[in-house]
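Subject: Structure handover

Hello,

Here is the structure I promised to pass on. Please open it and keep it beside you while you read my notes.

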Amino acid sequence: MQSNDISYQLCLCEESTGQSNIILDIEESRGSGYEQPTTPEELPVYGNPYNETTLEVIFPGKAPLFALDGKKLRLLKQLDRDTENLSHVVFQLACTVKATNKKRIIPIIVRVSDVNDNAPKFINTPYETTVPELTPVGSTIFQNVVAVDADAGVNGLVEYSIAPGDGNGIGSNNAVGRDRITTADGYGYFSINLPHQGQVTVNRTLDFERTQRYLVTILASVISQQFHYLLKDSAKAIKSCNS
Ligand SMILES: [Ca+2]
Ligand SMILES: [Ca+2]
Ligand SMILES: [Ca+2]
């Protein structure tokens, strides 16, 4: 439509996609930045905001989160979807037609999408349990491994696995006879068969005379994402005891 077209003049301040409100998307902030654009980048309203219309955003009863730059919304501070569980921001656009002073108020909903910016964290560590050496292979011996991740959806879906340890704490102490404790890496001896459940099962026959303690390193990770955390301090001590 041309700006001298009479029907265009009548459309000024109308939502150009024919909706009664405006829905935009934005990613939450990565780190401390807040320059990320909305999608679409410009508010879909008819009229040139410099000479045909005046645009203003209204945040009733709260501090404004966006300011206008032409038809673009600019964040005024960083947006964290996770700590405030902020899935969308609702406010209003006031659009005034300069020629007629006719004013329209259009509700705006900005949906905030999640970024995988939190790593899973184990809770209640270190984990420790005692098992009889005759525990059959396949038995679940520990089921309270839990890591929490503050992100939403797949970004917070934790998978558990067992990894080789870093060698710390492995070996025998200097005690003699029955007081002697040999500690081995539990990798291979124990397994997590269901990645979404923190249940540790016995994977190989245990022998108390040979090994009295295993250190098992558990990884909590979020699939296909940039974070992959090995929590070395949370190695789980599993003691194999004579039954
Ligand atoms: Ca965040
Ligand atoms: Ca995450
Ligand atoms: Ca997040």
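Start at Tyr160. Leaving out residues up to four places away in sequence, Tyr160 touches Val145, Ile192, Pro195, Gly198, Ile218, Leu219 and Ala220. One caution before you go on: this is a predicted model.

Tyr160 belongs to the largest nonpolar core, which has 17 residues. Tyr160 is among those with the most contacts inside this core, together with Phe190, Val216, Ile218 and Ala220. Which elements give two or more residues to this core? They are β11 (158–163), β15 and β16 (213–222). β16 gives the most, with six residues. In soluble globular proteins, nonpolar side chains tend to be buried together.

There is also a second, separate core. This one has 12 residues, including Leu24, Ile26, Val45 and Leu93.

Take Val45 next. It sits in the loop between β1 and β2. Is Val45 buried or exposed? Val45 is buried, because 21 other C-beta atoms lie within 10 Å, and 20 or more are enough to count as buried. Its contacts, apart from neighbours within four places in sequence, are Cys13, Glu14, Glu15, Ser16, Lys71, Cys95 and Ile106. Val45 and Leu55 are 10 residues apart in sequence. In space, their C-alpha atoms are 9.7 Å apart.

One of those contacts of Val45 is Cys13. Look at its backbone. Cys13 is not a glycine, yet its phi is positive, about 75°. Cys13 lies in the loop between α1 (6–11) and β1. It has 23 C-beta neighbours inside 10 Å, so it counts as buried.

Asn101 also has a positive phi, near 70°, and is a residue other than glycine. You will find Asn101 in the loop between β5 (88–97) and β6 (103–113). Asn101 is exposed, because 8 other C-beta atoms lie within 10 Å, and 12 or fewer make a residue exposed.

β5 and β6 form a hairpin with five residues between them, and Asn101 is in the turn. How many bridges join β5 to β6? There are nine, and the two strands run antiparallel. In one of the pairs, Ala94 has Ile105 in β6 as its bridge partner. β5 also pairs with β2, again antiparallel, over six bridges. Here Val57 has Leu93 in β5 as its bridge partner. Leu93 is also one of the residues in the second core.

Now the open sheet of three strands. Its order is β9-β15-β14, with antiparallel pairing. Which strands are at the edges? They are β9 (140–142) and β14 (190–191), and each pairs on one side only. Two bridges join β9 to β15 (residues 200–202). Thr140 stands opposite Thr201 in β15.

Last, two peptide bonds to check:

- Thr39 to Pro40 is cis, with omega near -10°. Pro40 lies in the loop between β1 (22–27) and β2 (53–58).
- Thr125 to Pro126 is cis, with omega near -5°. Pro126 lies in the loop between β7 (121–122) and β8 (128–132).

Best wishes

Note on methods: Residues numbered from 1 in each chain as written. Chains lettered and ligands numbered in written order. Predicted model: local features only at pLDDT ≥ 70, side-chain atom pairs only at ≥ 80, totals over all residues. Pairing = 2+ DSSP bridges. Helix = DSSP H or I, 4+ residues; strand = E, 2+ residues; numbered from the N terminus. Core = buried A, V, L, I, M, F, W, Y, C linked by C-beta atoms within 7 Å. Contact = placed C-beta atoms within 7 Å.
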